[in-house]
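Have a look at the structure first, then read on.

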Amino acid sequence: MKQTINLEESWLGHLSSQFDQVHMQQLKQFLLQEKSKGKVILPEGSLWFNALNSTPFDRVKVVILGQDPYPTRGHAHGLCFSVQKGVKPLPKSLLNINKELQDDVNIDNSHTGYLQPWAAQGVLLLNSVLTVEQGCSNAHQGRGWELFTDAIIQKLNEQKEHIVFILWGAYAQKKGGYIDQRKHCVLKAPHPSPLSAHRGFFGSKPFSKTNAYLLSVNQQPIDWRV
């Protein structure tokens, strides 16, 4: 995996040892076996590390934690919650994110679900699991990706300060449970899924709170428009 995937230089410096770990070697074998069975893995290989390649380590200001990629071909492109250009209709969680964005900071992103412009400004859109089988949500959970993405969060937590971690839902909150809140800003709310958004995601104002914190530590706020 280390030999075939091009990882952004600053991240490679922090994560290169991960690719020699047993869990990553086992993950590589699992993915090769799945491909050999004819199963379609999403997103395509060149996009597995899109979140890291789009947001270098030294530029990370915000982290949004997701779970795993969309299992529909043409949707996932390596950024959590984001879909590729032109995808319609938008996934329901993303519709709710756009609704809260509108209510919170009066930005209408309903025309698209393509969040790459956020990543370019320092928003690390990180799924816990970076691949999925087409048509089968959560198919690659427990195969090693979680340990890899834990290492990413750990590096950010330990070596940087003043990051805003946005943790939507119990899964993300458990994964980010050890983040040092003396150094970082942690925003927690229910998941934007239609099953839970009305339990407190709506009205949680993550976008304005993020920018208020960034300004308080003399950092440029995020332009949430896409």
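Is Cys80 buried or exposed? Cys80 counts as buried, because its relative accessibility is 0% (buried means under 20% relative accessible area, exposed over 50%, partly exposed in between, with a 1.4 Å probe and protein chains only). Keep in mind that this is a predicted model, where local features need pLDDT of at least 70 and side-chain atom pairs count only at pLDDT 80 or more, while totals for chains, interfaces and linings use all residues. Residues are numbered from 1 along each chain as its sequence is written, and side-chain values use heavy atoms, with hydrogens and water left out.

**Cysteines**
- Searching the whole structure turns up zero disulfides (a disulfide being a pair of cysteine sulfur atoms within 2.5 Å).
- For Cys80, the closest cysteine sulfur is in Cys185, 17 Å away, so that's too far for a bond.
- Cys185 also counts as buried, because its relative accessibility is 13%.

**The cavity**
- There's one cavity of 30 Å³ or more in the whole structure (on a 1 Å grid over the protein atoms alone, a cavity is a set of points where a 1.4 Å probe fits but cannot get out).
- The largest cavity comes to about 70 Å³, a volume being the space filled by probe spheres set on the points, with grid points joined across faces, edges and corners.

**Its lining**
- Among the residues lining the largest cavity are Trp48, Phe49, Leu79 and Asn127 (lining residues have an atom within 4 Å of a point).

Technical notes
1 Å grid on protein atoms, 1.4 Å probe; cavity = no way out; pocket = protein on both sides within 12 Å on 5 of 7 lines; lining within 4 Å.
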